[in-house]
Amino acid sequence: MVQVTELGYIGLGVSDIEAWKHFAGDILALEVVDEGEAGRCYLRMDYWHHRLVLHADGADDVAYLGFRVAGAVEFDDMQRQLASAGIDYRIGSVAEAEERRVLEVMKLADPDGNPVEIFHGPLLRKNRPFHPGRGMHGKFVTGERGLGHCIVRERDSDAALRFYQALGMRGGIEYKLDSGSQVLQLRFMHCNKREHSVAWGVGDPAKRLNHIMLEVDNPDDVGLTHDLVRAARIPVAMQLGKHANDHVYSFYFRSPSGFNIEYGYGGRDATQQSEYYDADTYGHEPESGGEAHLAPRHPR
Ligand code: FE
């Protein structure tokens with residue numbers, strides 16, 4: 001079976017691209033690259049030409065998720081794999097591949113309609129080292145783990161599981177959370193050492209995108225970012241805390257598009273055996289409309 005190897009890039013539709021440039025560079029420490037294309041700018045985390053693309057289309061939601069396969073052979077094999085799973089796809093034109101700075105791309109959608117792209121051969125600008133938008137203690141954790149992870153809306157969780165399994169991903173239920181009115185079952189999928197690259201199951205949200213997680217290799221960068229978020233009075237959706245599943249120490253705050261960014265440190269490798277949790281390890285208390293069900297209730 002062919003497997004996608006990483007969540008390589010994400011496109012975002014935004015309404016206020018100037019606010020996003022400030023947020024990305026000065027708060028998130030991403031490198032903001034404006035190549036003069038109308039209504040578009042690129043955000044870097046490493047040598048890749050980009051990891052995130054901002055499109056000024058007013059959507060304030062995810063525009064596409066880009067999953068990588070190893071090369072041209074796997075790109076061809078993936079087409080047969082999708083066809084046998086009954087999943088429609090379209091091979092992108094040369095111009096569409098060039099637009100994404102990849103060698104080849106195909107376009108499809110997951111069962112909730114989230115636009116998905118499968119590609120190989122991203123452009124790496126080795127002559128242009130990553131230059132963070134503001135000072136960092138360390139660097140972003142990318143490499144074979146991809147850019148981070150995201151949580152998206154999937155109103156049919158079983159259909160979503162079948163779709164992402166058809167992309168060669170593994171995973172399943174990792175949290176059962178009592179929200180008061182229902183028990184939420186959150187599913188997490190991995191395709192490399194990162195504990196999860198895509199997940200779903202947080203209720204029935206208005207937006208497709210719940211959050212994007214970016215990981216840093218120095219915990220001081222979580223603390224610095226927390227200071228900058230508080231100083232800028234950006235709403236914090238979940239306070240500092242540690243996840244039970246990926247062990248990430250993180251907090252969540254609101255992007256200019258309304259969905260959240262999780263900024264974290266310390267993710268463990270994906271586990272090879274399933275297990276689940278009913279709360280996080282500590283912290284992650286909700287604030288400013290964040291989800292309340294992750295925070296543990298410690299016995300006294
Ligand atoms: Fe997360």
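How many residues does the largest nonpolar core have, and which of them have the most contacts inside it? Here are my notes; keep in mind that this is a predicted model.

1. Let's start with that core. The largest nonpolar core has 60 residues, and those with the most contacts inside it are Ile10, Phe67, Tyr164, Leu167, Ile212 and Phe253. Domain 1 (6–122) and domain 2 (143–294) each supply at least three residues to this core. Apart from it lies another core, of 14 residues, including Leu184, Ala237, Ala244 and Tyr277.

2. Have a look at Ile10 next. Setting aside neighbours within four places in sequence, Ile10 is in contact with Arg51, Leu52, Val53, Val62, Tyr64, Leu65, Leu147, Cys150 and Ile212.

3. Now for the sheet. It's an open one of eight strands with mixed pairing, in the order E2-E3-E4-E1-E5-E8-E7-E6. Strands E2 (31–33) and E6 (90–91) are its edges, each pairing on one side only. Strand E1 (residues 6–13) and strand E4 (residues 52–55) run parallel and are joined by four bridges. You can find Gly11 standing opposite Val53 in E4.

4. Don't skip helix H2 (residues 72–84), which packs on the sheet and touches E6, strand E7 (102–109) and strand E8 (115–122). The direction of H2 makes about 15 degrees with that of E7.

5. Which residues hold the iron ion as protein donors? They are His149 (NE2), His211 (NE2) and Glu262 (OE), at 2.1 to 2.2 Å from the ion. In sequence, the donor residues follow the spacing H-x61-H-x50-E. His211 sits in strand E13 (residues 209–216) and Glu262 in strand E16 (residues 260–265), 51 residues apart, so to speak a link between distant parts of the chain. Both His211 and Glu262 are buried.

Definitions and conventions. Residues numbered from 1 in each chain as written. Predicted model: local features only at pLDDT ≥ 70, side-chain atom pairs only at ≥ 80, totals over all residues. Heavy atoms only, no water. Core = buried A, V, L, I, M, F, W, Y, C linked by side-chain atoms within 4.5 Å. Buried < 20%, exposed > 50% of the residue type's maximum accessible area, 1.4 Å probe, protein only. Domains from an automatic or database assignment. Contact = heavy atoms within 4.5 Å. Donors = N, O, S within 2.8 Å, 3.2 Å for Na, K, Ca; no water. Helix = DSSP H or I, 4+ residues; strand = E, 2+ residues; numbered from the N terminus. Pairing = 2+ DSSP bridges. Axes fitted to C-alpha atoms, helices over the stretch in contact; angles between N-to-C directions.
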